[in-house]
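Dear colleague,

Please find below the structure that I am handing over to you.

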Amino acid sequence: ELVNYARSFIGRLRYATAGESLETGADCSGLVISVYKHFGISLPHSSSADRSVGRAVSTSDMQVGDIVCYSGHVGIYAGGGKIINALNPSKGITYINANYAPILAVRRVL
């Protein structure tokens with residue numbers, strides 16, 4: 001359910017630096033905050049702080065809805081080796097390969 005909700009913003013929500021609005025735009029952690037907030041879960045607006053929320057999960061045990069943390073970036077695991085994330089101003093909210101960069105942490109809060 002959470003990933004389906006996040007998917008609904010692909011291609012229609014713009015990237016906004018420091019944004020966390022699902023109406024006007026969000027950055028990577030802002031997207032994660034806002035999607036989880038919709039399901040009653042409060043998270044910090046910081047990709048580095050997201051590395052300590054919930055409980056740690058190994059990359060081999062990632063499940064749909066897990067938070068995937070990188071250096072300076074964060075996304076929501078969508079399955080199939082992909083994350084949903086607010087990538088940058090030109091790409092906006094999109095899917096990318098979860099292994100596009102070294103994964104620093106995977107966190108489960110659901």
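**Contacts and cores**

Leaving aside residues up to four places away in sequence, L43 touches V32, I33, Y36, D50, V53, I67 and V109. Please keep in mind that this is a predicted model.

L43 also belongs to the largest nonpolar core, which has 27 residues. Together with L31, Y36, I67 and I76, L43 is among those with the most contacts inside this core. At least two residues of the core are supplied by each of α1, α2, β4 (67-70), β5 (73-79) and β6 (82-86). The largest share, 6 residues, comes from α2. Another core, of 10 residues, lies apart from this one, and V68, Y77, A98 and I103 are among its residues. As general background, nonpolar side chains in soluble globular proteins tend to be buried together.

**Two loop residues**

S47 is placed in the loop between α2 (28-38) and β3 (55-57). Is S47 buried or exposed? Its relative accessible area is 13%, so S47 counts as buried, the cut-off being under 20%. Not counting residues up to four places away in sequence, S47 is in contact with S29, C69, G72, H73 and V74.

A18 lies in another loop, between α1 (2-7) and β1 (20-21). With a relative accessible area of 55%, A18 is exposed, since exposed means over 50%. The phi of A18 is near 65°, a positive value in a residue other than glycine. Most residues other than glycine have a negative phi.

With kind regards

Key
Residues numbered from 1 in each chain as written. Predicted model: local features only at pLDDT ≥ 70, side-chain atom pairs only at ≥ 80, totals over all residues. Heavy atoms only, no water. Helix = DSSP H or I, 4+ residues; strand = E, 2+ residues; numbered from the N terminus. Buried < 20%, exposed > 50% of the residue type's maximum accessible area, 1.4 Å probe, protein only. Contact = heavy atoms within 4.5 Å. Core = buried A, V, L, I, M, F, W, Y, C linked by side-chain atoms within 4.5 Å.
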